[in-house]
Amino acid sequence: MSVTVFIRRKHGVRRYEPGKRWLMAPLVLIAAGVTLWWQAKEDVSTVEHQLAAASASTEIHQNEIAALRDRTEAQLSLLAARLGRMQARMNRIESLGMAVADRVEVADQFDFQSEVGLGSSGAEPSEKVELSLLLEEMDQMILRLERADDQLALLETVERNHHIEDDTYLTGRPLVKGWQSSSFGYRNDPFNGRRTLHRGLDFAGPEGGQVIATGAGVVSYSGTMFGYGNLVEIDHGNGVKTRYGHNKENLVELGQVVAKGETVALIGNTGRSTGPHVHYEVMLNDQQVDPARYVYRKPRS
């Protein structure tokens with residue numbers, strides 16, 4: 001196959017026949033263009049795949065970071081809850097400790113607010129602290145605090161009971177000023193002259209004078225009662241009660257806690273009475289006993 005090319009020039013037409021090599025040039029150019037286009041398409045596809053993979057990887061990392069953040073927040077919440085329990089126990093122990101130390105008069109020797117002196121060798125820790133181990137140690141510390149709390153509360157109860165026993169120990173007379181005017185036992189009733197059992201001691205005193213509790217306890221009755229007039233009854237525990245009768249006025253109410261020596265009424269002449277005085281009774285398991293054994297015994301030192 002041959003191709004003839006006629007080229008018009010100034011002096012005429014010139015005939016030119018190119019060789020086969022020139023005829024192949026366009027085909028080569030076309031083939032090169034197609035190759036470059038295909039390569040570019042492949043490169044674009046590769047880049048798209050890489051971008052998609054990178055995007056998927058980024059999403060995975062973001063999910064992992066979110067999950068890690070959630071686990072960290074949960075662990076911090078767990079630590080905060082444990083710390084709250086420890087702080088509550090420590091506050092309770094400090095309060096109990098200060099109360100006991102104050103009552104036994106050694107508060108100046110104990111400072112529950114300051115740091116406890118501890119030492120250290122200055123060496124670096126040999127290993128990192130793991131969260132699971134830290135939580136386990138915190139749980140053990142909480143158990144120790146709970147046991148210490150219970151034991152300190154028991155110690156406080158025992159110590160307080162010693163004071164309660166001292167305060168509820170009945171001694172002394174039931175009035176500030178006055179004298180004993182009648183004894184426990186049989187006597188002639190001042191109203192009918194008959195031989196009757198007088199179930200308490202009478203202490204005469206000035207009307208309006210102070211009637212005092214002979215021991216600490218809880219008011220179990222405050223009101224009027226037949227024969228007694230205005231009556232105050234105090235429960236001292238362990239089956240022991242005291243009664244204060246014929247009062248001009250009761251100064252305490254039912255359920256009120258009274259201390260030893262506290263004024264509970266004013267001396268009066270109410271009920272079956274011939275003059276201002278205090279009728280004083282001691283009851284043991286709801287049975288009247290001779291108050292003299294309590295009035296005149298020595299107080300505990």
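Student: What makes Asp202 buried?

Tutor: The relative accessible area of Asp202 is 6%. Buried means under 20%, so Asp202 counts as buried. Keep in mind that this is a predicted model.

Student: Where does Asp202 sit in the chain?

Tutor: Asp202 lies in strand β6, residues 201–204.

Student: Which residues does Asp202 touch, beyond those up to four places away in sequence?

Tutor: Among them are Trp179, Arg187, Val278 and His279.

Student: Why is the pairing of the side chains of Asp202 and His279 called a polar contact?

Tutor: The two side chains are joined at 3.1 Å.

Student: Are Lys241 and Glu233 buried or partly exposed?

Tutor: Lys241 has 21% relative accessibility. Buried requires under 20% and exposed over 50%, so Lys241 is partly exposed. Glu233 has 8%, so Glu233 is buried.

Student: Which other salt bridge does Lys241 form?

Tutor: Lys241 also pairs with Asp286, with the closest N and O atoms 3.7 Å apart. This pair links distant parts of the chain, 45 residues apart. Lys241 is in strand β10, and Asp286 is in the loop between β14 and β15.

Student: What makes Glu281 and Arg243 a salt bridge?

Tutor: Their side chains meet at 3.8 Å, N to O. That is within 4 Å, so the term applies. Glu281 is in strand β14 and Arg243 in strand β10, 38 residues apart. Glu281 is buried at 1% relative accessible area. Arg243 is buried too, at 12%.

Student: Which residues do salt bridges join into one network?

Tutor: Glu233, Lys241, Arg243, Glu281 and Asp286, through salt bridges that share partners. The whole structure has 4 salt bridges.

Student: How do you know that β8 and β9 pair?

Tutor: They have 7 bridges between them. Pairing needs at least two, so β8 and β9 count as paired, in the antiparallel sense. In one of these pairings, Val219 has Ile234 in β9 as its bridge partner. The two strands form a hairpin with 3 residues between them. In the turn, Gly227 has a positive phi of about 85 degrees.

Student: What makes β8 and β12 a pair?

Tutor: They share 2 bridges and run antiparallel. At least two are needed, so β8 and β12 qualify. Gly217 stands opposite Val258 in β12.

Student: In what order do the 3 strands of the open sheet stand?

Tutor: The order is β7-β13-β11, with antiparallel pairing. β7 and β11 stand at the edges, each with a single partner strand, so one side of each has no neighbour in the sheet.

Student: How many bridges join β13 to β7, and how many to β11?

Tutor: β7 and β13 have 3 bridges, and β11 and β13 have 2. Val211 stands opposite Ala265 in β13, and Asn250 also stands opposite Ala265.

Methods:
Residues are numbered from 1 along each chain as its sequence is written. This is a predicted model: local features need pLDDT of at least 70, side-chain atom pairs count only at pLDDT 80 or more; totals for chains, interfaces and linings use all residues. Side-chain values use heavy atoms; hydrogens and water are left out. Helices (H or I, at least four residues) and strands (E, at least two) are DSSP runs, numbered from the N terminus. Buried means under 20% relative accessible area, exposed over 50%, partly exposed in between (1.4 Å probe, protein chains only). A polar contact is a pair of N or O atoms within 3.5 Å; within protein, one must be able to donate a hydrogen and the other to accept it, and residues adjacent in sequence count only if both atoms are side-chain atoms. Contact means heavy atoms within 4.5 Å.
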